[in-house]
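Reader: I would like to learn how to read this model, feature by feature. Please take me through it.

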Amino acid sequence: MNSVIQVDSSAAAQGPGAGDAVDVVVAGAGVVGVATAYAMARRGFSVALVDRNPGPALGASYANGAQLSYAYSDALGSPSLLKKLPSLALGADPLFRIKGAFDVGLVDWGLRFLAASTSAANAASTLATLELGLESQRAMHGLLERHPIAFDHLAAGKMHLYFDPEALASAAETVALKRRHGAVQEVLTAAEAIAIEPALAGSKGLVGVVYSPQDEVGDPHRFSEQLIDVLRRDYGVRTYFNLDARNAEFARDAVTLVGSRGDRVVGRTLVVALGIEAKDFLARQGVRVPLLPMKGYSFTAAAGANAPQVSITDTARKLVFCQLAGKVRVAGVAELGSRDLRVQPQRLAALVETARESLPDAADYSGIAGGWAGLRPMTPSSVPIIARPRERLIVNVGHGMLGWTLAMGSAERAAALLLGAGET
Ligand SMILES: Cc1cc2nc3c(=O)[nH]c(=O)nc-3n(C[C@H](O)[C@H](O)[C@H](O)COP(=O)(O)OP(=O)(O)OC[C@H]3O[C@@H](n4cnc5c(N)ncnc54)[C@H](O)[C@@H]3O)c2cc1C
């Protein structure tokens, strides 16, 4: 049993029998749920996929940073972030906020986050996520060999930019650790980086980069739509959209997902992949998972005169850039504890201004029609929770800043759990 989730066994209700049950009901059709449906269906299980939205990937997966950062698995909580936390909490960074400081859920999560932020815990979480990232890359390539779906997928490589020699030295230590565990990454000087990515010539004060040449990009919304077509056509997966899952009824031989309008989908196992909403849904089943939303924003703009080909993370300004279908997608902002999905104009403007400051010629910043906001489902350690707390219940949640990157490997692990293997 995964030590971070708590199960109250008295909450397992008695429900209807198996009847017309599928093998697996997947609740949530974000990238994690869609990938899970695929991993299950590929193994010959019959699958029903349920979402409250009219289509897949309309939650946190919709317009995220698009990065498949397989080698960048670094956990959020670290001694250096802890040092900066007091000034961040006071609003020193326009792209960082903490909401609801006196909320019990935030305090509980915060205490766990502090415990996960020691050097040793950070290294353990980073390596655990790296392992899942590398599994995800293999699983993604396996999928694309079997089903060459189109989602603006490119092996563009990725660079993390550093402007502070001390921060670069610390990143170099993490790179050395991850290389010993299979990451393909190297530290480059600014001049070496500019030789590979000329767009960085406009980056003021750059001291060096961490280069991950095998990292990729792709559109998670297109991916989910395309994969669902394959799932319906080739694997007979049934999809139930516009179904708001409220509850689950567990019986000896079946589990029934119950919707807000009384709709019922019966299966032998339920996989919960509801993103940030999983916390409340699972609590109703007596299963507690430590999840906190971290709101982020993105915008997509016409490419500028000097748009990078390699995808870029500016580690000082905490934003990412990549090219997607000939446009430039920029994502950033971290509002810990915020559940409000509205795009706040001043926050979007801060993201645009920070992007302009970082790479002035990457995009046409003057013509941005609007932005998007989503809630990253964060665990305190940044490691997702993939567990089987009950015989008929699998949990695949908490993918935080890296859910698109980690979806395919997480799905493989969820399928392994169904087949009886261990959990993470
Ligand atoms: C600004 C931003 C940038 C990001 N950039 C990146 C990046 O570059 N690379 C990366 O790897 N990750 C990135 N992420 C993180 C990534 O987007 C998330 O980790 C990932 O989308 C989580 O996927 P999910 O399927 O778990 O959740 P979601 O995509 O939120 O899916 C959950 C699904 O459950 C459904 N649902 C919820 N409640 C119910 C209910 N009651 N009944 C039925 N259905 C329900 C929702 O409609 C939704 O479709 C970013 C996130 C943000 C916000």
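**Reading the model**

Author: Start with strand β18, residues 327-336, where V333 is found. Strands (E, at least two residues) and helices (H or I, at least four) are DSSP runs, numbered from the N terminus. This is a predicted model: local features need pLDDT of at least 70, side-chain atom pairs count only at pLDDT 80 or more, and totals for chains, interfaces and linings use all residues. Residues are numbered from 1 along each chain as its sequence is written.

Reader: What is the phi of V333?

Author: Most residues other than glycine have a negative phi. V333 is not a glycine, yet its phi is positive, about 80°.

Reader: Is V333 buried or exposed?

Author: Count C-beta atoms, placed from the backbone: 20 or more others within 10 Å means buried, 12 or fewer means exposed, and in between is partly exposed. V333 is buried because 25 other C-beta atoms lie within 10 Å.

Reader: Which class does D152 fall in, by its C-beta neighbours?

Author: D152 has 17 C-beta neighbours inside 10 Å, so it counts as partly exposed. D152 sits in the loop between α4 (119-146) and β6 (158-162). Its phi is positive too, near 55°, and D152 is not a glycine.

Reader: How do I check a helix? What span should α1 have?

Author: The expected span is 1.5 Å times one less than the number of residues. Helix α1 (residues 31-42) has 12 residues, so it should span 16 Å; its end C-alpha atoms are 16 Å apart, which agrees. Of those 12 residues, 11 are buried. Among them are V31, V34, Y38 and M40. Just after α1, G44 takes a positive phi of about 95°.

Reader: Which residues come nearest to the ligand?

Author: A residue is near a molecule if its C-beta atom, placed from the backbone, lies within 6 Å of it. There are 42 residues around the ligand, and G30, G65, G275, G296 and G403 come nearest. The elements that give two or more residues to this shell are α1, β15 (292-302), β19 (372-378) and α10 (403-418). Domains 1 and 2 both give residues to the shell, so the ligand's shell lies between them.

Reader: Now the strands. Which way do β11 and β12 run?

Author: Two strands pair if DSSP finds at least two bridges between them. β11 (residues 245-250) and β12 (residues 255-259) run antiparallel, joined by five bridges. E249 has T256 as its bridge partner.

Reader: Which way do β6 and β16 run?

Author: β6 and β16 run parallel, with four bridges. M159 partners I312 in β16. From β16 (residues 311-314), S311 and T313 point one way and I312 and D314 the other, and all are buried.

Technical notes: Domains from an automatic or database assignment.
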